[in-house]
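The following exercises each set a task and then work through its solution. Please read each task with the model in view before turning to the solution.

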Amino acid sequence: MRRPRLGSTMRTLMLAIACIAAATSVPAAAPTDDLARYPVSGRRSGYTYLSPETRAQQKDEFANPGMLWVEQGERLWSLVPDKSKAQAQSCVGCHGDAAKSMRGVAARYPAFDRGEGHVVSLEHRINACRVKKQGATPFAWESQGLLAMTAYVSRQSLDMPVSVKVTGPAARSFERGRTAYYQRRGQLDMACAHCHEERTGARLRAEVISQGQINGHPVYRQLWQTMGSAQRMFAWCNDAVRADPYAYGSQEYTDLELFVKWRGRGLPVETPAIRR
Amino acid sequence: MPALRFARLLVSVLPWVVFPCTMPAGAADALVPYRVVGDGIPAPLTDTPGDPRRGRVAAANSTQGNCAICHPMPIAELPVFGNLGPPLDGVGARLTEAQLRLRIVDAKRLNPQSIMPAYYHVAGLRRVAPKFQNQPMLSAQEIEDVVAYLATLK
């Protein structure tokens, strides 16, 4: 796994950015704090629970650490993953300019995939392209590469309203996700809804409970000091109530992701968001 | 694959920064049977009387009861308290030991919608992580200690 080396590259990069920021230190127009756009029909992004400093950091492309993943994704977009393969081509080969072809994609994922016959998340879709169209091996879930690709593709939907399709062929998946959301689990015997629907704004020790929205995922989580997908967050919350988490990319988590994304319909895509 | 293992470790360990607890000693022992009378459990679960000093530690300790994650309580050395549950200040004056015992053993007997975990109950739970299966959150003696401590909060 290349992660440790990339990790230190990241850190060097961040340092460099910090230095440049300090050196040039253009206090220029402080990034606008657009709290005013929330709530959307009662729905609030995790953004609204952040300190003003962290909100400003998220809005600032140069200060937002998640942008390092977006930039890596941009490089991967025009890279041929495996030149030895007959299908060798980069994402550009099929999709051209991501700013055009990927605009709006993240806002409507997870989505029913005709070829697969079930609902897939954006991570699955990216890996399907890698395997079927590029002849490459799939990225592991939560790998640097998959997070970078997902962050880059999601970034192309910045500020677009979340709008997933939950009817038609996606309906069964959606209903399974909804059931899971209201189901108690783990030794602590709690459901997602107990915290994120019924007790938002309350505190678990120092941690303020948000609506658990995923309009900013993958997010840079300060606690993790790295990026994480929505499904990593689900696993974290499952662990918190001492429940056995599902595997990343499992249909269970993908169904849950569809339901959770739908809960945040209308919220703007914020990737890469920063969270505590 | 050290990086992958590290990622797994992070995922598995970090929740305990927020919700730390550990399993009680004597895991997997069958639970001591108890009888609910009215809204309480009058008889102690063990022969050894509860120790309020140990109970205070168990209630505060994030590796045992971790009650402060949800309840404000009069434990000055804790920096911060959750507020999902009512303050436990004065709870020993409001409730008898029997009532306290049932609320810690299985609060859902009184309020099926409760989010307070049942600390001495293992049946009917869904998808419990393997290392916690068939173990109560607190041992019978820890329950008695916590009851004895709460009873001092007058």
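**Exercise 1.** In which loop of chain B is the place of Arg127(B)? Describe its surroundings as well.

*Solution.* The model is a predicted one, in which local features need pLDDT of at least 70 and side-chain atom pairs count only at pLDDT 80 or more, while totals for chains, interfaces and linings use all residues. Residues are numbered from 1 along each chain as its sequence is written, chains are lettered from A and ligands numbered from 1 in the order in which they are written, and side-chain values use heavy atoms, with hydrogens and water left out.

Step 1. Arg127(B) is found in the loop between α5 and α6 of chain B; helices (H or I, at least four residues) and strands (E, at least two) are DSSP runs, numbered from the N terminus.

Step 2. Arg127(B) has 29% relative accessibility and therefore counts as partly exposed. Buried means under 20% relative accessible area, exposed over 50%, and partly exposed in between (1.4 Å probe, protein chains only).

Step 3. Leaving aside residues up to four places away in sequence, Arg127(B) touches residues including Arg185(A), Arg242(A) and Asp244(A), where a contact means heavy atoms within 4.5 Å.

Step 4. The side chain of Arg127(B) reaches the backbone oxygen of Pro245(A) at 3.3 Å, and a polar contact of 3.5 Å joins the side chains of Arg127(B) and Tyr246(A). A polar contact is a pair of N or O atoms within 3.5 Å; within protein, one must be able to donate a hydrogen and the other to accept it, and residues adjacent in sequence count only if both atoms are side-chain atoms.

**Exercise 2.** Describe Arg242(A), one of the residues that Arg127(B) touches.

*Solution.* Step 1. Arg242(A) lies in the loop between α10 (230–240) and α11 of chain A. Step 2. With a relative accessible area of 1%, Arg242(A) is buried. Step 3. Although Arg242(A) is not a glycine, its phi is positive, about 60°. Most residues other than glycine have a negative phi, and most peptide bonds are trans.

**Exercise 3.** Is helix α6(B) largely enclosed or exposed?

*Solution.* Step 1. Eleven of the twelve residues of α6(B) are buried, so the helix is largely enclosed by the rest of the structure. Step 2. The cover over these buried residues includes α3 (52–60), α4 (91–94) and α5 (97–106) of chain B. Step 3. Chain B as a whole has six helices and zero strands, and 48% of its 154 residues count as buried.

**Exercise 4.** What average pLDDT does chain A have? Identify also where caution is needed.

*Solution.* Step 1. Chain A averages a pLDDT of 90, and 88% of its residues score at least 70; pLDDT is the predictor's confidence in each residue, from 0 to 100. Step 2. Over residues 1–13 of chain A the pLDDT is below 50, and this stretch has 17 contacts beyond near neighbours in sequence. Step 3. Where pLDDT is low, the predicted coordinates should not be read in detail.
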